[in-house]
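Subject: Structure for you to look at

Hi,

Here is the structure I promised to pass on; please bear in mind that it is a predicted model. Have a look through it, and then read on for what turned up.

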Amino acid sequence: MTTINCRACHKIHTNFESTDWVLSTVSKVPCYVKPTDTIANMGKGNLCVNCHQALSINPVDTATGDSIKVTNRFGSHYGPQVSVLIGRGGCESILDTGGRPTTIPAAVLTNGCIQCHVNVLDGKNHTFKPSKAVVTAAILSIGNIDTVKAAVNTLMLELRDTLVVRKILKKDSSAVIGVSLVPGAAGRSESKKVAGACCNYLMAAEDESRGIHNFLYVKWLLEKSLAALKE
Ligand code: HEC
Ligand code: HEC
Ligand code: HEC
């Protein structure tokens with residue numbers, strides 16, 4: 001990934017005064033992978049939506065037949081945080097869609113990413129490290145930070161190990177998310193269930209919040225992916 005600087009988010013050195021720090025954009029952003037889906041208006045958080053959503057749709061949902069060719073750039077490609085937050089982009093065609101969660105806590109959507117990652121401390125937190133108090137308040141209706149992360153972590157480990165046994169993923173300590181496709185997986189034909197479950201695992205892993213961005217959706221995707229592999 002490219003390192004980002006102030007200009008990624010601010011209009012800089014236009015007037016040489018405080019207005020130089022206005023955000024470069026706060027306009028609503030379309031959903032790249034599925035333009036018919038709308039991404040909620042997150043106010044200033046729209047800024048982040050420009051870069052932190054999935055760029056490629058999971059290929060499994062649109063493929064015909066029972067198998068699919070795995071490619072090098074498999075998965076939602078990259079930074080699927082927004083996609084997870086709005087509950088879109090997972091591979092659902094291989095899943096039993098019963099019990100699919102439909103709601104996102106309203107508090108999470110207000111200003112989206114900004115409220116937890118920026119508007120804390122003096123309102124200018126540029127470490128982008130989320131505030132525990134703000135996050136706790138935002139997800140109050142679904143649980144607390146530790147139980148959410150622990151539950152998602154357990155499911156992710158189980159799904160990862162299943163996908164390792166199915167020889168599509170391998171543990172890889174040099175990869176940011178700790179796994180990569182096994183050598184030779186790209187180019188191979190794979191059952192849609194294994195490929196789809198792999199996409200869902202990668203989306204949860206690349207989101208990097210261990211379910212905080214949308215606990216109900218991520219938990220559902222992981223549980224149903226595991227169930228699909230056991231059928
Ligand atoms: C990832 C996006 C992002 C990057 C990169 C970024 N900022 Fe910000 N910055 C923000 C957001 C969001 C706010 C809060 C704006 C608000 O709440 O109105 C902010 C606020 C500020 C403010 C306060 C503005 C005011 O009106 O009070 C200053 C000053 C600032 N940033 C400077 C910088 C500098 C200097 C850099 C580079 C080192 C930088 N920012 C990089 C997103 C970013
Ligand atoms: C211009 C594109 C762009 C915008 C706009 C943007 N980001 Fe990012 N962000 C990135 C990239 C690229 C990285 C990975 C940077 C790296 O690895 O050096 C990143 C990394 C991050 C990280 C992880 C930082 C870390 O230490 O690992 C967080 C958190 C984050 N962004 C939050 C935000 C938030 C919140 C906003 C909106 C205020 C935002 N980003 C806006 C492109 C962007
Ligand atoms: C409800 C509060 C909340 C909201 C809203 C939120 N995040 Fe997060 N985010 C978190 C928490 C908590 C973590 C996990 C941090 C940790 O594990 O230390 C996290 C993790 C991340 C990471 C990984 C950071 C890292 O250091 O590895 C990125 C990138 C990120 N969020 C970006 C975003 C973006 C982009 C949005 C908007 C779509 C967003 N977040 C919305 C709370 C939030």
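Let's begin with a pair of helices. The axes of H7 (residues 192-207) and H8 (residues 215-230) come within 10 Å of each other and cross at roughly 155°. Angles over 145 degrees count as roughly antiparallel, so H7 is roughly antiparallel to H8. Their crossing is left-handed.

Which residues make the contact? On the H7 side they are Lys193, Val194, Ala197, Asn200, Tyr201 and Ala204, and H8 brings Val218, Leu221, Leu222, Ser225, Ala228 and Leu229. Sorted by class, this contact of H7 with H8 holds 9 nonpolar, 2 polar and 1 charged residues.

Now to the ligands. Ligand 1 is surrounded by 16 residues, and the closest are Cys6, Cys9, Trp21, Val118 and Lys124. Its shell is made up of 8 nonpolar, 6 polar and 2 charged residues.

Around ligand 2 there are 16 residues, of which Ala8, Cys48, Cys51, Cys113 and His117 come nearest. Two helices, H1 (46-49) and H4 (112-117), are the elements that give two or more residues to this shell. Which of the elements gives the largest share? That is H4, with 3 residues. By class, the shell around ligand 2 has 11 nonpolar and 5 polar residues, with no charged ones, whereas the shell around ligand 1 includes 2 charged residues.

Best wishes

Notes:
Residues are numbered from 1 along each chain as its sequence is written. Chains are lettered from A and ligands numbered from 1 in the order in which they are written. This is a predicted model: local features need pLDDT of at least 70, side-chain atom pairs count only at pLDDT 80 or more; totals for chains, interfaces and linings use all residues. Axes are lines fitted to C-alpha atoms, for helices over the stretch in contact, and angles run from 0 to 180 degrees between N-to-C directions. Helices (H or I, at least four residues) and strands (E, at least two) are DSSP runs, numbered from the N terminus. Angles under 35 degrees count as roughly parallel, over 145 as roughly antiparallel, 65 to 115 as roughly perpendicular and the rest as oblique. A crossing is left-handed if the near helix is turned anticlockwise from the far one by less than a right angle, and right-handed if clockwise. Two residues are in contact if their C-beta atoms, placed from the backbone, lie within 7 Å. Ala, Val, Leu, Ile, Met, Phe, Trp, Tyr, Cys and Pro count as nonpolar, Asp, Glu, Lys and Arg as charged, and the others, Gly among them, as polar. A residue is near a molecule or strand if its C-beta atom, placed from the backbone, lies within 6 Å of it.
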